Amino acid sequence: MDYPKLLFIADCYKYTHAAMYPDDIQEAYSVLYCRKPRLDLSTLNGHIVAFGMRQSIAKLQRIYKEFIEYPREKLEKALEFIYTDFMKLSKKQDSYKFLINKWLNLPHKIPITFKILPEGTFIKGNTPIMTIHCKESEYCWLVNFIETYLNSELWKTCFIATKAALFKRIEYDCLGYYLDDSYNFHDFSARGTNGIEDSYNSSMGHLLFFSGTDSVMAVKNICDNYGFDVGHIGSIPASEHAVMCLGGETNEIGTFKKIMETFPQSMVSIVADTWNLWNIIEALRKDKEVFNMIQSRKFPIVLRPDSGDPFLILTGDSKSEIPQAKKGVIKLVDEYFGFDKVKIIYGDAITVERARKIYEWCSKQGYKATDFLCLGIGSYAYNSGIRDDVGLVTKMTWANIGGKSSHLLKNPITGNDKTSLSGRVALTKNRQVLQLLDSETEDDILEYDLKLKTLSEIREYSKQEFLRAIGDKNK
């Protein structure tokens with residue numbers, strides 16, 4: 001089916017709303033905002049991170065352009081397919097012709113004005129992220145038609161950016177300052193996202209606060225949209241279980257040697273739990289040749305245990321009968337090799353709560369986790385959310401009906417938690433939400449500028465927002 005994508009970006013019920021609007025509607029105005037996030041945001045003082053808005057609008061504009069350039073004859077067939085074949089609307093109804101004509105008469109340029117927060121802004125609940133305004137009566141229906149698209153495109157990017165900020169707070173609490181180029185938390189989530197396009201869109205959120213990622217789709221996104229600004233991000237060579245298995249269990253030490261010989265001038269991560277984690281750590285210490293290779297390398301190797309309870313594997317399991325397991329990987333590496341020669345990455349089932357617990361244990365033991373430990377964040381953390389976690393909703397809050405301003409309000413008696421904002425809105429520089437407006441205010445950080453800044457610029461802004469949100473007195 002080679003029909004334009006614009007016809008397939010909304011929930012079905014959106015396709016008939018144009019015929020239900022008042023005949024004298026002249027303007028329509030909706031707000032995409034953060035209603036009541038469900039995430040535990042206590043360490044961020046209740047803030048989520050608004051990110052991905054301009055990217056989603058740029059994509060929408062491309063989709064709209066494709067629609068406008070689509071041959072009219074084919075477009076009529078596509079509309080007939082949706083309204084007649086799928087929605088079973090009778091062609092005899094006046095509403096059928098009315099709806100078809102709404103589509104066929106769309107202008108060359110998308111008839112909507114957007115105002116958006118700067119990318120990477122930290123906001124609290126009931127704060128506007130974007131306003132969507134149509135000033136032409138004939139096209140007012142398009143304002144809320146794109147609601148489904150905007151929510152589905154944005155919630156995941158905001159979710160991952162917010163989760164990354166929660167991990168950043170753990171690092172910040174350990175160091176006592178904001179680390180600009182950090183590889184302490186690494187994005188492993190690509191294989192667990194909802195398809196490659198999802199990874200392309202949402203994995204960018206991690207890179208607002210960290211430099212390490214294995215999500216190459218995010219790198220492509222930077223090249224496509226954020227100025228090829230990849231100087232502050234990266235990864236290193238790394239093995240996987242297939243590599244270790246191909247070398248054979250009895251030759252696991254030999255595989256370690258081969259990998260180190262193959263990458264003598266860079267760090268390299270080597271999986272250590274394909275068979276017996278504790279045995280291979282012992283073998284790496286006792287085999288003189290491999291031990292000397294480790295000690296004489298200019299760049300450290302990164303040991304990767306990757307199965308079991310992250311906290312117990314790293315810090316030790318007092319209930320284990322295996323001496324090495326009782327001691328844990330961190331103490332073993334410290335005693336056997338030194339953190340300057342062997343570092344650790346753990347990337348299985350890492351959550352914000354587990355990461356903080358590991359960091360706090362390290363601190364109590366006199367270790368600084370940021371000196372030797374990288375935690376890989378996979379889909380267990382980055383693909384476990386839903387839209388309600390960041391509270392993203394879009395509601396029409398204002399309209400011009402018959403030349404008069406109307407403040408629209410959703411206020412269900414059966415669910416006060418769903419009471420909407422009302423009127424036109426703004427977010428002041430001191431982060432006060434203004435609503436019930438009939439016109440714009442100068443003191444509004446929502447902006448018309450849809451230009452995508454470079455990743456470095458956004459990262460710097462997000463840093464300042466992070467420090468503001470957590471109340472850093474040195475900011």
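This is a predicted model: local features need pLDDT of at least 70, side-chain atom pairs count only at pLDDT 80 or more; totals for chains, interfaces and linings use all residues.
Helix α2 bends by about 30 degrees at E80.

Which residues of α2 are buried? They are L75, A78, L79, I82, Y83 and T84. An α-helix has 3.6 residues a turn, so residues three or four places apart point the same way. The cover over the buried residues of α2 includes α1, residues 53–68. It also includes α3, residues 94–104. After α2 comes K88, with a positive phi near 60 degrees.

The space in the largest cavity is about 30 Å³. Helix α3 supplies the largest share, three residues. By class, the lining divides into six nonpolar, two polar and two charged residues.

Helix α3 also holds D94. Is D94 buried or exposed? D94 counts as exposed because its relative accessibility is 67%, and the cut-off for exposed is over 50%. Now look from D94 to T441. The two are 347 residues apart in sequence. In space they are 41 Å apart, C-alpha to C-alpha.

The largest pocket holds about 890 Å³ of space. Of the 39 residues that line this pocket, H186, F188, D214, S269 and I345 are the closest to its centre. Several elements each supply at least two residues of the lining. They are the strands β6 (185–187), β9 (301–304), β10 (342–346) and β11 (373–377), along with helix α16 (379–382). Which element gives the largest share? Strand β11 does, with four residues. The lining has 16 nonpolar, 14 polar and nine charged residues.

The second largest pocket has a volume of about 610 Å³. Its lining is made of 29 residues. Nearest its centre lie R35, E147, V393, T394 and K395. Helix α5 (147–175), helix α17 (387–390) and strand β12 (392–401) each supply at least two residues of this lining. Strand β12 gives the most, seven residues. By class, this lining has eleven nonpolar, six polar and twelve charged residues.

Return to strand β10, part of the lining of the largest pocket. The loop between β10 and α15 holds A349. The phi of A349 is positive, near 60 degrees, in a residue other than glycine. A349 counts as buried because its relative accessibility is 18%, and buried means under 20%.

Compare N126, in the loop between β4 (121–123) and β5 (127–134). N126 has a positive phi of about 60 degrees, although it is not a glycine. Why does N126 count as partly exposed? The reason is its relative accessibility of 28%, which falls between the 20% and 50% cut-offs.

The buried residues of α15 are V352, A355, I358, Y359, W361 and C362.

What do these buried residues pack against? Their partners are α5, β6, α12 (310–315), α14 (329–336) and β11. Two of these names link back to the pockets. Strand β11 gives the largest share of the lining of the largest pocket, and helix α5 contributes to the lining of the second largest pocket. Just after α15, G366 takes a positive phi of about 85 degrees.

How values were computed. Residues are numbered from 1 along each chain as its sequence is written. Side-chain values use heavy atoms; hydrogens and water are left out. The bend at a residue is the angle between axes fitted to the seven residues ending there and the seven starting there. Buried means under 20% relative accessible area, exposed over 50%, partly exposed in between (1.4 Å probe, protein chains only). Contact means heavy atoms within 4.5 Å. On a 1 Å grid over the protein atoms alone, a cavity is a set of points where a 1.4 Å probe fits but cannot get out, and a pocket is an open set with protein on both sides within 12 Å along at least five of seven lines; lining residues have an atom within 4 Å of a point. Grid points are joined across faces, edges and corners, and a volume is the space filled by probe spheres set on the points. Ala, Val, Leu, Ile, Met, Phe, Trp, Tyr, Cys and Pro count as nonpolar, Asp, Glu, Lys and Arg as charged, and the others, Gly among them, as polar.
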